[in-house]
Amino acid sequence: TLRGCAEYVRDHHLGTKIFAVDAHGSVIFGGKPGKRLIPGHGAARQPELFRADLADECVRVTDLDCVVGCRRLVRSEAILAGGSSGAVLMAVEQVKDRISRGATCALIFHDRGERYLDTIYSDEWVEEHFGDVAYLWQDQPELQPWMLATSRFLEGPKSVRY
């Protein structure tokens with residue numbers, strides 16, 4: 001997904017900044033391998049299609065970030081997303097102060113959450129691995145005020161405007 005988007009942006013000379021999102025403990029964008037709890041987010045090796053120049057910046061997130069992002073998405077937007085989608089939301093949270101006011105940002109939520117019902121969406125699993133952290137999503141009835149999610153019914157994915 002990243003490669004296709006990056007090549008399109010570059011081929012069409014778009015003034016778009018691309019942020020890759022990767023897990024702490026993943027080696028896709030360099031770094032040391034480490035333990036990761038969220039399947040499908042990060043990797044122990046670089047894929048064959050990897051190119052170092054694909055992203056302008058790589059934002060790393062923790063497994064807990066993935067959980068919090070997913071729980072916030074389902075709570076405020078009714079989006080049952082997978083771990084890497086939660087990671088994308090939390091990566092934007094990390095870089096939001098560096099995004100120009102009025103910029104349009106596209107977040108790609110490329111995985112669904114039904115595979116994660118026994119992990120990310122299980123209160124027992126979350127508490128076992130991270131402790132009592134539900135306040136990280138329960139104390140926020142909606143996404144942060146800087147984010148306005150819009151959706152076109154049956155026309156495409158959600159988009160985020162700053």
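Student: What share of the contacts with a separation of 6 or more joins residues 24 or more positions apart?

Tutor: In this predicted model, residues 24 or more positions apart account for 63% of the contacts in the protein chain with a separation of 6 or more.

Student: How many helices and strands are there, and in what order do the elements run?

Tutor: The protein chain has five helices and five strands. From the N terminus on, the order is α-β-β-α-α-β-α-α-β-β.

Student: What percentage of the residues is buried?

Tutor: Of the 162 residues in the protein chain, 36% are buried. The accessible surface comes to about 9,900 Å², and 51% of that surface belongs to carbon and sulfur atoms.

Student: How should I read a nonpolar core, and which residues have the most contacts inside the largest one?

Tutor: In soluble globular proteins, nonpolar side chains tend to be buried together. Here the largest nonpolar core has 28 residues, and those with the most contacts inside it are Ile-38, Val-67, Leu-107, Ile-120, Tyr-121, Val-126 and Trp-137. At least two residues of this core come from each of strand 2 (57-61), helix 2 (63-77), helix 3 (83-95) and helix 4 (123-130). Helix 3 gives the most, with seven residues.

Student: Which residues does Trp-137 touch?

Tutor: Leaving out residues up to four places away in sequence, Trp-137 touches Val-67, Val-68, Arg-71, Arg-72, Arg-75 and Val-126. There is also a second, separate core of six residues, which includes Ala-6, Ile-18, Leu-54 and Ala-55.

Student: Where is Ala-55 found, and what does Ala-55 touch?

Tutor: Ala-55 is in the loop between strand 1 and strand 2. Its relative accessibility is 16%, so Ala-55 counts as buried. Ala-55 touches Leu-2, Arg-10, Ile-18 and Ala-20, again not counting residues up to four places away in sequence. Sequence distance and spatial distance can be set side by side for Ala-55 and Cys-5: they are 50 residues apart in sequence and 9.7 Å apart in space, C-alpha to C-alpha.

Student: How do I read a helix such as helix 3, and how many of its residues are buried?

Tutor: An α-helix has 3.6 residues a turn, so residues three or four places apart point the same way. Helix 3 has 13 residues and reaches 19 Å from its first C-alpha to its last, close to the 18 Å expected at 1.5 Å a residue. Eleven of its 13 residues are buried, so helix 3 is largely enclosed by the rest of the structure. Among the buried residues are Gly-83, Gly-86, Leu-89, Met-90 and Val-95. The buried residues of helix 3 pack against strand 1 (19-23), strand 2 and helix 2.

Student: Which residues form a nonpolar patch on the surface?

Tutor: Val-74, Leu-80 and Leu-117 form one, with about 220 Å² of accessible area together. Leu-117 lies in the loop between strand 3 (104-105) and helix 4. With a relative accessible area of 45%, Leu-117 is partly exposed.

Student: How should I read a salt bridge, and how many are found in the whole structure?

Tutor: Side chains of opposite charge can pair when their charged atoms come close. A search of the whole structure finds eleven salt bridges. One of them joins the side chains of Glu-57 and Lys-17, at 3.9 Å from N to O. Glu-57 lies in strand 2 and Lys-17 in the loop between helix 1 (2-11) and strand 1, so this pair ties together parts that are 40 residues apart in sequence. Glu-57 is partly exposed at 22% relative accessibility, and Lys-17 is partly exposed at 49%.

Student: Is Asp-22 buried or exposed, and what does Asp-22 pair with?

Tutor: Asp-22 is buried, at 1% relative accessibility. The side chain of Asp-22 meets that of Arg-60 in a salt bridge of 3.5 Å, N to O. This pair links distant parts of the chain, with Arg-60 in strand 2 and Asp-22 in strand 1, 38 residues apart. Arg-60 is partly exposed, with a relative accessible area of 22%.

Student: Which residue forms a salt bridge with Asp-123?

Tutor: Arg-71 does, with the closest N and O atoms 3.0 Å apart. Asp-123 in helix 4 and Arg-71 in helix 2 are 52 residues apart, and the pair links distant parts of the chain. Asp-123 is partly exposed at 48% relative accessibility, whereas Arg-71 is buried at 7%. Elsewhere, salt bridges that share partners join Arg-3, Glu-7, Arg-51 and Asp-53 into one network.

Key. Residues are numbered from 1 along each chain as its sequence is written. This is a predicted model: local features need pLDDT of at least 70, side-chain atom pairs count only at pLDDT 80 or more; totals for chains, interfaces and linings use all residues. Side-chain values use heavy atoms; hydrogens and water are left out. A nonpolar core is a set of buried Ala, Val, Leu, Ile, Met, Phe, Trp, Tyr and Cys residues joined through side-chain atoms within 4.5 Å. Buried means under 20% relative accessible area, exposed over 50%, partly exposed in between (1.4 Å probe, protein chains only). Helices (H or I, at least four residues) and strands (E, at least two) are DSSP runs, numbered from the N terminus. Contact means heavy atoms within 4.5 Å. The expected span of a helix is 1.5 Å times one less than its number of residues. Patches are made of residues with over 30% relative accessible area and no salt bridge: like charges are joined within 9 Å, nonpolar side chains (Val, Leu, Ile, Met, Phe, Trp, Tyr) within 5 Å. Accessible areas come from the Shrake-Rupley method with a 1.4 Å probe; for residues, only the protein chains shown count as cover. A salt bridge is a side-chain nitrogen of Lys or Arg within 4 Å of a carboxyl oxygen of Asp or Glu.
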